[in-house]
Amino acid sequence: MDKMIIHMENIYKSFYVGTPNELEILHGLSFDVPEGQFLSVVGQSGSGKSTLMNLIGALDRPTGGSYVLDGLDVAKTEDKTLSEIRNKKIGFVFQTFNLISRTSALKNVELPMMYAGVSQKERTERAKAMLDMVDMSDRLKHMPNELSGGQKQRVAIARAMINNPAIILADEPTGALDTKTGRMVMDLFHKLHNEQGKTIILITHNPELAAETERIITLADGYITSDEAVVKS
Amino acid sequence: MNLIENIAVAFNGIKSNKMRSFLTMLGIIIGISAVILITTLGTMIQNTFTGTIDDLGVTNLVQVMLQSKPNSTREQMWMNQSDLISDTMIERMKERFGDEIESVWVTTSAGRGTINNDVNNDDDFAVSLTGQTTEGLEAGLTDLLEGRLISDEDNAKMRYVINIPSDLAETMFGSSRAALGQVVTVNINQGWQASTNIMDFTVVGVYEYEAGMMSGLFSRTYECDIPIATARRLTGGDPNEGYYQYFNLIGAQGVSVSELSADIVEFFNNGFYKNNDAYQVTTYTMEDDLATINSALSLVGFILGMIAGVSLLVGGIGVMNIMLVSVTERTREIGVRKALGAPNTAIRFQFIVESVILCTIGGIIGVILGVILAIATGEIMMLVLADQLGGITLRSNPSAGAIAISVGFSMAIGVFFGYYPANKAAKLDPIDALRYE
Ligand SMILES: Nc1ncnc2c1ncn2[C@@H]1O[C@H](COP(=O)(O)OP(=O)(O)OP(=O)(O)O)[C@@H](O)[C@H]1O
Ligand SMILES: [Mg+2]
């Protein structure tokens, strides 16, 4: 049996909008993710996908239930530990890339290592190698506003990968890209999955892309309505 | 946390918002330059003053002078010979105070006029003649270059000998040495009514003339010294007894000048001037001068200090304001950094560094501006006060200590006023920050 990198049991998430109004978004989700799985989460807009991803990514704590990430009980940890988890175990890829502006591609990729306390020399070396892997070594000194969308996303993926995280979380990473560049980004995920055995959780509205992954979890109104392995033809 | 990285980020931010950053720094710039101006001008004036006193070697100088009594009953305030301070009184004072007084320095003006030498029959030069004693000259301000000072014997014999300044010697005779033994003709036409207007003097000594920076601007009156007894004879006074409106004395080493001058005032006013219906003696010391200058300085310092304080406060608040704006503008960036694993401390540190850099640049510009202003003010003061300064050079040396403290203080302002915005940034919820539109 594979090691479970994510263990979610009966996870609730509520927001408090206005004083008495508790708004429950996730209603007791339970699922496990084995190490090295490429998984997609689909569902209608507003179904709670991003909310779930924020919980998985330790950006937020569940209001109820238990979440164990790579052996660590996230629900009970303090802020400082959460940022350490995000730094070392999670790599985020966003729909809008979220590169730090006025900061070169190289420096963007170095950033997570800076927070991890890696020396400047090693940072530069590793960042260059990672940018080489995403085929961006000829754009090291470019600022985000000097890069195309696809290029930005590749830099963002390099940044997400740089601390060798256990999981890559990608929230609609191709949403802002045309089909062709989207394809390139997907290929990169496949490469990371196949060659490095990364656990990847992909949130997408695109059923075709979801079908490329190993497992699809479908959310509707804060409930898991289906959780199926993809049958490869 | 990486200091260098954060500094680079801070510089980036400042560069991309040059105008805004500059305007933000303005308060700090004005405040710090005011601080530098105060301290530099303050030390400049103080140094110049004490430096001058040290040059003269007369820190213990006391001027004793006549002053009209506040409740004088005399109808006309003409000064009679019986009102003046006499040699006899001074002798008695010396006996009374003994070792406390190092030397006494009396002078008598013999008037102003012109001087020339018959040999070349050059132009006349403006001159003022002062009768001196050997004791006075030895205590005094002048450095003898050639020959000798007016001697006691010159006084005893009422000789027509003269000490002239070196620049006059050079103009008239080519060099100080060449002037010795030469005869000069003096024509007194202002001052005490002289019995003889035109007379010859033999040059026996040449003293060093120290030119001030501005002396070229004014036509020079050469100050020459003759025996005091000769001066008295020329001005129709008693050749054996001098009478003075004022005289100087120098207190002995280690004697408190203020106590000594109080004792002297009491000695004269309870003795010789007790029954004088119009005049009494008062004293003036270098310490009084220092006190006056210090109180003027501290007033200027206080005003500039207020300006500095207010502009630093306003500057600090401006920095805080712009940092709050910056935090808001970069909310999303803060969210991203947090998603990448930045702990709150790193975010707080980043914004404090930015605020400190902003203030430090402001502080450094302020220091430069302050130094320029201080030097300029020094130059202007020298121009305006050339007469009063009498050729004293004002040395403006911005102190390294003040500069270090100013820059350090601007850094502290950066930390103080940057803390709140930085803390706000650090405390942002990562999701709220990432969702910020
Ligand atoms: N901070 C919040 N405060 C209040 N409500 C929130 C907050 N975040 C999310 N929600 C609500 O939770 C619900 C789920 O939002 P979420 O962003 O997870 O949806 P999603 O599935 O990612 O949708 P999309 O596909 O459009 O991105 C929405 O109804 C949203 O209004
Ligand atoms: Mg979403």
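Modeller: Helices are DSSP runs of H or I with at least four residues, strands are runs of E with at least two, and both are numbered from the N terminus. This is a predicted model, in which local features need pLDDT of at least 70, side-chain atom pairs count only at pLDDT 80 or more, and totals for chains, interfaces and linings use all residues. Residues are numbered from 1 along each chain as its sequence is written, chains are lettered from A and ligands numbered from 1 in the order in which they are written, and side-chain values use heavy atoms, with hydrogens and water left out.

Biologist: What does the model score in ipTM and pTM?

Modeller: The ipTM is 0.95 and the pTM is 0.71.

Biologist: How many cavities of 30 Å³ or more does the structure hold?

Modeller: On a 1 Å grid over the protein atoms alone, a cavity is a set of points where a 1.4 Å probe fits but cannot get out; a pocket is an open set with protein on both sides within 12 Å along at least five of seven lines; lining residues have an atom within 4 Å of a point. Points are joined across faces, edges and corners, and a volume is the space filled by probe spheres set on them. Here there are 4 cavities of 30 Å³ or more.

Biologist: Which residues line the largest cavity?

Modeller: From chain A they are A:I100, A:S101, A:R102 and A:T103, and from chain B they are B:V9, B:N12, B:G13, B:R330, B:E333 and B:R337. In chain B, α1 (3–16) and α11 (331–339) each supply at least two of the lining residues, and α1(B) gives the most, with 3 residues. For classes, Ala, Val, Leu, Ile, Met, Phe, Trp, Tyr, Cys and Pro count as nonpolar, Asp, Glu, Lys and Arg as charged, and the others, Gly among them, as polar. The lining of the largest cavity divides into 2 nonpolar, 4 polar and 4 charged residues.

Biologist: What volume has the second largest cavity, and which residues line it?

Modeller: The second largest cavity has a volume of about 60 Å³. Its lining includes A:R86, A:F92, A:P112, A:R159 and, from chain B, B:L340. Two or more residues each come from α2 (79–89), β6 (90–93) and α5 (149–161) of chain A. The largest share, 3 residues, is that of β6(A). By class, this lining has 6 nonpolar, 3 polar and 2 charged residues.

Biologist: Which residues lie nearest the centre of the second largest pocket?

Modeller: That pocket holds about 670 Å³ of space and is lined by 26 residues, with A:S50, A:T51, A:N54, A:D171 and B:R435 nearest its centre. The elements that each supply at least two lining residues are β2 (22–34) and α1 (49–56) of chain A and α15 (430–435) of chain B. The most, 5 residues, come from α1(A). The lining of this pocket comprises 8 nonpolar, 11 polar and 7 charged residues.

Biologist: Which residues of α6(A) are buried?

Modeller: Relative accessible area decides: buried is under 20%, exposed over 50%, partly exposed in between (1.4 Å probe, protein chains only). In α6(A), the buried residues are A:T181, A:G182, A:V185, A:M186, A:L188, A:F189, A:H190, A:L192 and A:H193. After α6(A) comes A:G197, with a positive phi near 65°.

Biologist: Why is α6(B) largely enclosed by the rest of the structure?

Modeller: Helix α6(B), residues 166–173, is largely enclosed because 6 of its 8 residues are buried. They are B:S166, B:D167, B:L168, B:A169, B:M172 and B:F173. B:G174 follows α6(B) and has a positive phi, near 95°.

Biologist: Which phi values are positive in a residue other than glycine?

Modeller: Most residues other than glycine have a negative phi. A:D70 has a positive phi near 50° and sits in the loop between β4 (64–69) and β5 (72–73) of chain A. A:N10, also not a glycine, has a positive phi of about 55°. A:N10 belongs to strand β1 (residues 4–16) of chain A and is partly exposed, with a relative accessible area of 41%.

Biologist: Is B:D225 buried or exposed?

Modeller: B:D225 counts as buried, at 7% relative accessibility. B:D225 lies in strand β10 (residues 222–227) of chain B.
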